[in-house]
Amino acid sequence: MRRYKRTLAAFALAATVVTGTAGWASGSAQRPVTGPPPGTGQWLGDRTLGRALPDPERAGPEDVSAFFRSLSEEQRRYLVRRHPLVTGNLDGVPVALRYRANALAVRGTPFERLAAPGRRILAFDPRGRGQVAEVYGDLERARRVAVVVPGSDIDATTFDRADDPYGAPAGMAASLRTAVGDDRTAVIAWAGYTTPVGLGADAATGALAEAGADRLARFTQGLRAVGAPGPSLFCHSYGSVVCGLAADGVNASDIVVLGSPGMRAGSAAELNAGARVWAAKSPSDWISKVPHVEFLGLGHGADPADPAFGARRVPAERAHGHTGYFAPGTDSLRAFAAIARGDVR
């Protein structure tokens, strides 16, 4: 009987996605941005340094890091000036060089606000709706690193929106960095994948999450290649699907999911993450109305906030709705800060 009810729920979910009823909004189908950064062709054809540049599609972050360590400061400056989009997006490039490259890359684009003084843009890809990663704190000297992975409707335009700051990655990361309250922890807002728009079929299936998981894994491998510690991941809504699929490749110390529709796994143990897994869900979060099933590719599986999943509980009674988990004064933000600092054993 229980399996029968779950099957019915899955069909209800399918009907919801297709028709846009029961409170779900229709969504536009998105094609994920994948592959090497823009400008790769010119990069590969550049022989100015008298040697081949690493292939962004084939060279791993460790190889990229070793290549840049072999360059003089003048050669590094040349690559920043000549190829800012590749240098700024190539995992394994030294952090300071990526900041400088991306400050150049955003100029003359609709996202020029990202070049404002004091902003540390670690990645910027103008393709599609635009992808961004921004650092809060001193990543080069940090002893702890937290990465915020957002859910639907996030891109370079909504990355730092002011009308719902704690539902956008920049606001989430800035709030977490303030709550952490020390200089040893850096927080990265990572909007580095193509997110669903609305709550249509893209949000109910795993295609965009699979593409995002590959990008997240490579991003964290790039952090390791430049000497950063293994991160703690804070994964909101559809971002938790991305984190679930990337769990075995991110070398994370902790994976924290909030407002999760599922992680495409039946339990925390199935993630094979080698990390502690945490889950938060506010009593007022509409995500509770989403069936936690996976059937014919629709849905994302078990509820990570269900004790049976095996995740550690994060209190979220004071978080309001689906985007209130990082709001100042909430029990969830206080717990996130303790995890990010490494205070919780």
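Predicted model: local features only at pLDDT ≥ 70, side-chain atom pairs only at ≥ 80, totals over all residues.
Local features were taken at pLDDT of at least 70 and side-chain atom pairs at pLDDT 80 or more, whereas totals for chains, interfaces and linings use all residues. Residues are numbered from 1 along each chain as its sequence is written, and side-chain values use heavy atoms, without hydrogens and water.

An open sheet of mixed pairing is formed by 8 strands in the order 1-2-4-3-5-6-7-8 (strands are DSSP runs of E, at least two residues, and helices runs of H or I, at least four, numbered from the N terminus; pairing requires at least two DSSP bridges). Strand 1 (121-125) and strand 8 (312-313) are the edge strands, each pairing on one side only. Strand 3 (residues 144-149) and strand 4 (residues 185-191) run parallel and are joined by 5 bridges; valine 147 has isoleucine 188 in strand 4 as its bridge partner.

Helix 10 (residues 238-246) lies across strand 3, strand 5 (232-236) and strand 6 (254-258), at about 140 degrees to strand 5 (axes are lines fitted to C-alpha atoms, for helices over the stretch in contact, with angles from 0 to 180 degrees between N-to-C directions).

A disulfide (cysteine sulfur atoms within 2.5 Å) links cysteine 235 and cysteine 243, with the sulfur atoms 2.1 Å apart. The link is left-handed, with -90 degrees about the S-S bond. Cysteine 235 is buried at 0% relative accessibility (buried means under 20% relative accessible area, with a 1.4 Å probe and protein chains only), and cysteine 243 is likewise buried at 0%.

Threonine 87, in helix 5 (residues 84-89), is buried at 0% relative accessibility. Its contacts (heavy atoms within 4.5 Å) beyond four places in sequence include Trp43, Phe68 and Arg98.

How values were computed:
Buried < 20%, exposed > 50% of the residue type's maximum accessible area, 1.4 Å probe, protein only.
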